[in-house]
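Please examine the model shown below with attention to its pockets and its aromatic side chains. The paragraphs that follow take these two topics in turn.

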Amino acid sequence: MNLPTSSRDDARRSLWAAVLVGIGVMAGVDEIVFHQLLQWHHFFDRATPTIGIISDGVLHAVELLAIVIGVFLLIDLSQRKRLAISWAWAGFFCGMGGFQLFDGIVNHKLLRLHQIRYEVEPFIYDLSWNFAALVLLLVGGWLYRRAKRMGRG
Amino acid sequence: MSVQAHDSHGLIEWLPLVLVTLLTLTYLAAAYAQRTTAAGWSLWRCGFLVLGSVLLAVAVLPSMMTWAHHDLRGHMVAHLLIGMLAPMVWVLAAPVTLLLRALPQAGGRRVAALLQSRPIRFVSHPVSALSLNIGGMYVLYLTPLYAASLDNQALHYWLHLHFLVAGYLFCWAILAEPDASPHRLSLRFRLGILFIAIAAHSLLGKLMYGYLWPRDTGNGVEEIRFAAQLMYYGGDLAELLLAVVLLSLWLRKPIDRREALLSSATPT
């Protein structure tokens, strides 16, 4: 019997499964809200270099499978009665915020795959995009600390 | 394009539908015969077979084929039904398992040997099924092949048969269950292949949308763009369904017999 290790194991598994769901959900929200509903950036971006199209295909596959695999991992954990719910919530928010920040910094600014919006000064959009990411990450961090405290208690 | 020739529905136009009906009736008869055996045969599987057959029958209706023939959008809808949705539902009906059970012992053994034969093992491997399926689509839409298929009836039929067979092999290879499969590959490997398929499929949709493939077919820009989006979102839906089915089959297993999905350490 090695209880401390196994409960730490459950916490780790619950956290990472939920991180996957968070990444997938945020990428899905990005695609549905900004690509399809607002149509700020488009299905196919003429300005985008070819590498952008390829990475788009890969990103798309990541997003779809991340949600499905993450959700099924959580169901699996809960069927084993090993789902640590507070850790899962922390992971979900960290995943959402982490992806949003990655998208905002790496995809938009460093790789310049696409911008949030065209024909306007993007600064204010970038600022709010990354600010939203930070808020999500802060919530995730707070939930993480709370889960840790509860684990000790 | 000879639209008139296709509007006069000859007997040959009904042939695919007749074949689908015959296959369905054969399956149902075999399933009915299994009812009296100890193992029986699940009604669910019969339901899956009928659903797959209905999806396929819709796609091969003469009027649907005519639409698919001179409109790229119709072609994409047919392709989605024939190449992705119908095959996936058919695999869930476990036709090979039923065949093995229904045949007399000698015949069953011969089919089992055939399943383990080199050519079948080769084409039913996820990697070759992926190449046949998605690779075939790249060849079809990014070369003059699609334009050629519009004028050549035999090529046109061959193409749809390829969609069905390649799609079936792919779904069979990825799911590896509940039907008898020649391979025992890990869930993680099959998920990896599915990942490549999703990426390659959405990439092809974007390429077609952006660079207006297939070319030299007389399709308008709007038509190609609509078809490319159908392929992108429809293919998405189909692959998402395949992933959900694959993991549902995994979740149906008893907890202690579930293969670890991500980390190598199995939680006990």
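Predicted model: local features only at pLDDT ≥ 70, side-chain atom pairs only at ≥ 80, totals over all residues.

How many nonpolar, polar and charged residues does the lining of the largest pocket have? The lining comprises 21 nonpolar and 2 polar residues, with no charged residues. The volume of this largest pocket is about 760 Å³. Its lining is made up of 23 residues, and those nearest the centre are L23(B), P95(B), V96(B), L99(B) and Y168(B). Several helices of chain B contribute: α2, α6 (95-102), α7 (105-115), α8 (118-123) and α11 (153-175) each provide at least two residues of the lining.

The second largest pocket has a volume of about 450 Å³. It is lined by 15 residues, with A176(B), E177(B), H183(B), R184(B) and K253(B) closest to its centre. By class, its lining contains 8 charged, 5 nonpolar and 2 polar residues.

Attention may now pass to the aromatic rings. Over all chains, the whole structure contains 10 aromatic pairs. One of them joins W89(A) to F92(A) in an edge-to-face arrangement, with 6.0 Å between the ring centres and 80 degrees between the planes. Both residues belong to helix α3 (residues 85-110) of chain A; because they are 3 residues apart there, about one helical turn separates them.

In chain B, Y27(B) and W41(B) form another edge-to-face pair, at 6.4 Å centre to centre and with 70 degrees between the planes. This pair links distant parts of the chain, its members being 14 residues apart: Y27(B) lies in helix α2 (residues 11-34) of chain B, and W41(B) in the loop between α2 and α3 (43-60) of that chain. Y27(B) is buried, at 6% relative accessible area, and W41(B) is buried as well, at 11%.

R215(B) is placed over the face of W213(B), 4.5 Å from the ring centre. R73(B) lies over the face of F226(B), at 6.0 Å from the ring centre.

Methods: Residues numbered from 1 in each chain as written. Chains lettered and ligands numbered in written order. Heavy atoms only, no water. Phe/Tyr/Trp six-rings, centres within 6.5 Å; stacked < 30°, edge-to-face > 60°. Helix = DSSP H or I, 4+ residues; strand = E, 2+ residues; numbered from the N terminus. Buried < 20%, exposed > 50% of the residue type's maximum accessible area, 1.4 Å probe, protein only. Lys NZ or Arg CZ within 6 Å of the ring centre and 35° of its normal. 1 Å grid on protein atoms, 1.4 Å probe; cavity = no way out; pocket = protein on both sides within 12 Å on 5 of 7 lines; lining within 4 Å. Points joined across faces, edges and corners; volume = space filled by probe spheres on them. Nonpolar A, V, L, I, M, F, W, Y, C, P; charged D, E, K, R; others polar.
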